[in-house]
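Visitor: I would like to learn how to read a model of this kind, feature by feature. Could you give me the general idea each time, and then the case in hand?

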Amino acid sequence: MDHFDKTKRAVKTKLLPWFAANKRSMPWRTNRSPYRVWISELMLQQTRVDQATPYFHRFMKRFPSLKSLAAASQEDVLKMWEGLGYYSRARNLHKAARLIVAERGGRFPNTAEEIIELPGVGSYTAAAIGSLAFNLDLAVLDGNVIRVLSRLFAYSKNSRSSAAKKELQRMADDLLVKGSAGDFNEAMMELGATVCLPRNPDCGACPLARVCAGLKSGAPTDFPMKAAKKKTPHIVVGAAVVTNRAGEVLIAQRRAEDMLGGLWEFPGGKVEPGESVEACVARELKEELGINVEVGDFLMTVKHAYSHFTMEMHVFFAKIKSGRPRPIECQDHQWRAISELRDVPYSKADLKIIDVLEKR
Ligand code: SF4
């Protein structure tokens, strides 16, 4: 029997029983329905289980069914997603819920071809939903699975390349235990998340240690191989807390097609080369809302890391010198009392500004 066949057998006889005995309890592992699987899978993309869990509970309480989600406004959905990041996930699941209700009478699609057609669903999510909710023989490939496979087979290609991803997907497809795809996928991900950790794999506790080529090599953490990452760009942003005589604050809604689309923010934008932050704030407010402002005291700096860049945002108070706000490079604007700012959704960075304003 070659190494692959031995590994395949160990997956069935060692990994699946290990998973049955050791799986962590997670809210979406009970009362499993396509709707709950779908929401949890979208939340878990780019988000850790402990961070996603309270969001999942809140979301299910507010939108207990696909129909209730479809009937909600996009702003309500974004509010439930607020702070979780990657907001296109929320906009897409709302779109998909409306589509399923309008075109399929609320019946969740149950084939891989139909599931992948839903907005915001890629091959990973389609395989996860298909295997967990409908027991389709589809293998998932996420970061945890890539790490486990690369170590099991001492796979030496750059795991970030699309050719390697294809090969790894084939390995996962071939290893999959037919008829138990959901358990297989969850077991592989669970092994990666709890035992085969990026820096300190606990090989002594691993049910696949006897067949692991990475462990045999003496340096399991050399896998997966990765090409050096490019340096992450850094941007500097100026933003304003514009107040009026009534003590209200001006907020703007980001355009639907922009990053963080549909969320509200304190208006501002990127500082251009050679520009001071104050000059940037004045220019951005003119461009975005058609107002001339006098930039006043500095309030705070907010730092935040997004997936492809890091940002530092310098926030100043400002007052309108002339002009009335109108949405030019934004979708909408509002004046709100500080106590009512939280009624609409924001990104994490803007929520930090609200935290400070509320304490003043
Ligand atoms: S033996 Fe170690 S490196 Fe290999 S799969 Fe198990 S935990 Fe990962």
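Guide: Let us begin with a helix, where helices (H or I, at least four residues) and strands (E, at least two) are DSSP runs, numbered from the N terminus. Helix α8, residues 123–134, has 12 residues and reaches 15 Å from its first C-alpha to its last, close to the 16 Å expected at 1.5 Å a residue; the expected span is 1.5 Å times one less than the number of residues. Please keep in mind that this is a predicted model, in which local features need pLDDT of at least 70, side-chain atom pairs count only at pLDDT 80 or more, and totals for chains, interfaces and linings use all residues. Residues are numbered from 1 along each chain as its sequence is written.

Visitor: Is α8 mostly covered or uncovered, and what covers its buried residues?

Guide: A residue is called buried if 20 or more other C-beta atoms lie within 10 Å of its own, exposed if 12 or fewer, and partly exposed in between, with C-beta atoms placed from the backbone. By that count α8 is mostly covered, since 9 of its 12 residues are buried, among them Thr125, Ile129, Ser131 and Leu132. The cover over these buried residues includes α2 (34–44), α7 (112–115) and α11 (181–194), where a contact requires that the C-beta atoms of two residues, placed from the backbone, lie within 7 Å.

Visitor: What should I notice in the backbone just after α8?

Guide: Asparagine 135, in the loop between α8 and α9, takes a positive phi of about 55°, and asparagine 135 counts as partly exposed because it has 14 C-beta neighbours inside 10 Å. Asparagine 31, found in the loop between α1 (3–22) and α2, likewise has a positive phi, of about 45°, although it is not a glycine; with 8 C-beta neighbours inside 10 Å, asparagine 31 counts as exposed. As for the peptide bonds, a cis bond with omega of about -5° joins phenylalanine 223 and proline 224, and proline 224 is placed in the loop between α12 and β1 (234–242).

Visitor: Which residues surround the ligand, and how do they divide by class?

Guide: A residue is near a molecule or strand if its C-beta atom, placed from the backbone, lies within 6 Å of it. Here 14 residues surround the ligand, and the closest are Cys196, Cys203, Cys206, Cys212 and Pro220. Both α9 (143–152) and α12 (213–216) supply at least two residues of this shell, and the largest share, 3 residues, comes from α9. The shell divides into 12 nonpolar residues, 1 polar and 1 charged, where Ala, Val, Leu, Ile, Met, Phe, Trp, Tyr, Cys and Pro count as nonpolar, Asp, Glu, Lys and Arg as charged, and the others, Gly among them, as polar.

Visitor: In what order do the strands of the open sheet lie?

Guide: Strands of a sheet pair through backbone hydrogen bonds, either parallel or antiparallel, and two strands are said to pair here if DSSP finds at least two bridges between them. The open sheet has 3 strands in the order β3-β2-β7, with antiparallel pairing. At its edges stand β3 (264–265) and β7 (332–336), each with a single partner strand, so one side of each is left without a neighbour in the sheet. Strand β2, residues 249–253, pairs with β7 over 5 bridges, and glutamine 253 stands opposite aspartate 332 in β7.
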